[in-house]
Amino acid sequence: MKLQRNQKMELYQIHILAFAALICCTSTAHGWGIHGHLITCRIAQPRLSKAAAEAVSQLLPAYADNDLGSLCSWADRVKFRYHWSSALHYIDTPDQLCSYQYTRDCKDEDGIKDRCVAGAIYNYTNQLITYNNANSQYNLTEALLFLAHFIGDIHQPLHVGFTSDRGGNTIDVHWYTRKTVLHHVWDDNIIETAEERFFDSNVEELINTLQTNITTVWASQAKAWEACTKTACPDAYSSEGIKAACDWAYKGVSNGSVLQDDYFLSRYPVVNMRLAQGGVRLAATLNRIFG
Ligand SMILES: *[C@@H]1O[C@H](CO)[C@@H](O)[C@H](O)[C@H]1NC(C)=O
Ligand SMILES: *[C@@H]1O[C@H](CO)[C@@H](O)[C@H](O)[C@H]1NC(C)=O
Ligand SMILES: *[C@@H]1O[C@H](CO)[C@@H](O)[C@H](O)[C@H]1NC(C)=O
Ligand SMILES: *[C@@H]1O[C@H](CO)[C@@H](O)[C@H](O)[C@H]1NC(C)=O
Ligand SMILES: [Zn+2]
C-alpha cells in the first residue's frame, strides 16, 4: 500500500519534471542560454568596484546569496509574466544589410521606438543611476537583473540579426545529428559542445579559463572593450554583433545545413570572445553607474 503510493508520487513527480523540461527547453529563447548568462555575470561580478559591488549586493534579493550569476537568466523567466519585456531581448536589422543604426532599428514589431535590447540597456542604466535618490520611483532590483541579462544578450551575435529569419530562429539546421535552429546553436549548442569537449562538462572550468584569458592574452584588448564615453554603450556592441552575425553566424549556413566540426571549431573562439566582452562590459557599465 505504502509502496504503491510512493510509486504513484514518483510517477507524478516525473510528469512534473517532464512538463517543466518541455516548458524550459522548447521556447525559442532570444539570447544566450542559461550558461551563457551565467558566464557573463560570473565574469562581471569580481570586476566590480567597491561601490558597485556594494550596490549590487544591496539590490540582489536575499535568496540570491550575493551571486548575480544565479539571477542572470531571471529576465528570460519573466518573459511570459511581463509579456511587454519579450521585445527587449534583441534587435531586428534589415535583411542582408549587416549594419545597425539605433534610430532605424531599435523598435519592436509594432514599430514602437526604443523597444529593443539597446533601448532597454539605456532604460535600465538610467533607472539605476537614481540608486542614491531616496525617492527613486523604479524597482531597481528588476532594473539590475534586466541590465545584467541584456548586456549578455546584446553580445550574442544573432541577437542583432536579420528581421525575416528572426535572428536565425527560422533557419533549421542540424547541430551534428540533432535538429535545431541556427539561433539556438549560438544561444546554447556551441557553449555546450565546448564544455563537453574541452572542460569536462564543467561550466566553472570554462569560466575560469575565460577569466584567465581576460587577464593574460586579452589583457590589452579588455581595456579597449571597457571604453565608453557615456554611461552605457550598447550601440557599439550592436554594431559588432550584426557584423559577427554576418561574418560568422550566418556565413556558409543555409536552411537545412548540417553544422559540425568545421563550424564549431571556427565559431567557438568568437563565442568565447563575445562572452568575455559581455562580462567585462557588464562590470564596466555597473562601475560607471554606481561610481
Ligand atoms: C523601461 O523600463 C520600464 C520598467 O521596467 C518598462 O516598463 C519599459 O517597458 C522599459 N522600456 C524599455 C524600452 O526598455
Ligand atoms: C521588485 O522586484 C522584485 C522582483 O520582481 C520583487 O520581488 C520585489 O517585490 C519588487 N519590489 C517592490 C518594492 O515592488
Ligand atoms: C526553412 O525551412 C522551413 C521548413 O521548410 C521553413 O518553415 C522556414 O521558413 C525556412 N526558413 C527560411 C529562413 O527560409
Ligand atoms: C584562452 O586562450 C588560449 C590562448 O590563446 C586559447 O587557446 C584558448 O582557446 C582560450 N580559451 C578560452 C575559453 O577563451
Ligand atoms: Zn534574453
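Reader: What share of the 291 residues of the protein counts as buried?

Author: This is a predicted model, in which local features need pLDDT of at least 70 and side-chain atom pairs count only at pLDDT 80 or more, while totals for chains, interfaces and linings use all residues. Residues are numbered from 1 along each chain as its sequence is written, and chains are lettered from A and ligands numbered from 1 in the order in which they are written. A residue is called buried if 20 or more other C-beta atoms lie within 10 Å of its own, exposed if 12 or fewer do, and partly exposed in between, with C-beta atoms placed from the backbone. By that count, the buried share of the 291 residues is 40%.

Reader: How many helices and strands does the protein have?

Author: Both kinds of element are DSSP runs numbered from the N terminus, where a helix (H or I) needs at least four residues and a strand (E) at least two. Counted in this way, the secondary structure comes to twelve helices and five strands.

Reader: Which residues is A148 in contact with, leaving aside its neighbours within four places in sequence?

Author: Two residues are in contact if their C-beta atoms, placed from the backbone, lie within 7 Å. A148 is one of the core residues that touch the most other members. Once its neighbours within four places in sequence are set aside, its contacts are C41, L68, C72 and L282.

Reader: Which residues of β3 are on its covered face, and which on its uncovered one?

Author: In a regular strand the side chains alternate between the two faces of the sheet. The covered face of β3 holds V173 and W175, and the uncovered one holds D172 and H174.

Reader: Why does Y176 count as partly exposed?

Author: Y176 is found in the loop between β3 and β4, whose hairpin has two residues between the strands. Its phi is near 55 degrees, a positive value in a residue other than glycine. Because Y176 has 13 C-beta neighbours inside 10 Å, it counts as partly exposed.

Reader: Is S201 buried or exposed?

Author: S201 has its place in the loop between α8 and α9 (203-215), and it has a positive phi of about 60 degrees although it is not a glycine. Because S201 has 11 other C-beta atoms within 10 Å, it is exposed.

Reader: How far apart in space are L158 and H183, C-alpha to C-alpha?

Author: L158 lies in the loop between α7 (140-153) and β2 (160-162), and with 29 C-beta neighbours inside 10 Å it counts as buried. Not counting residues up to four places away in sequence, L158 touches several residues, including W186, A245 and H183. L158 and H183 are 25 residues apart in sequence, and their distance in space is 6.3 Å.

Reader: Which residues are around ligand 3?

Author: A residue is near a molecule if its C-beta atom, placed from the backbone, lies within 6 Å of it. For the classes, Ala, Val, Leu, Ile, Met, Phe, Trp, Tyr, Cys and Pro count as nonpolar, Asp, Glu, Lys and Arg as charged, and the others, Gly among them, as polar. The shell around ligand 3 has one nonpolar, two polar and two charged residues. They are D165, T170, I171, D172 and N255.

Conventions. Pairing = 2+ DSSP bridges. Core = buried A, V, L, I, M, F, W, Y, C linked by C-beta atoms within 7 Å.
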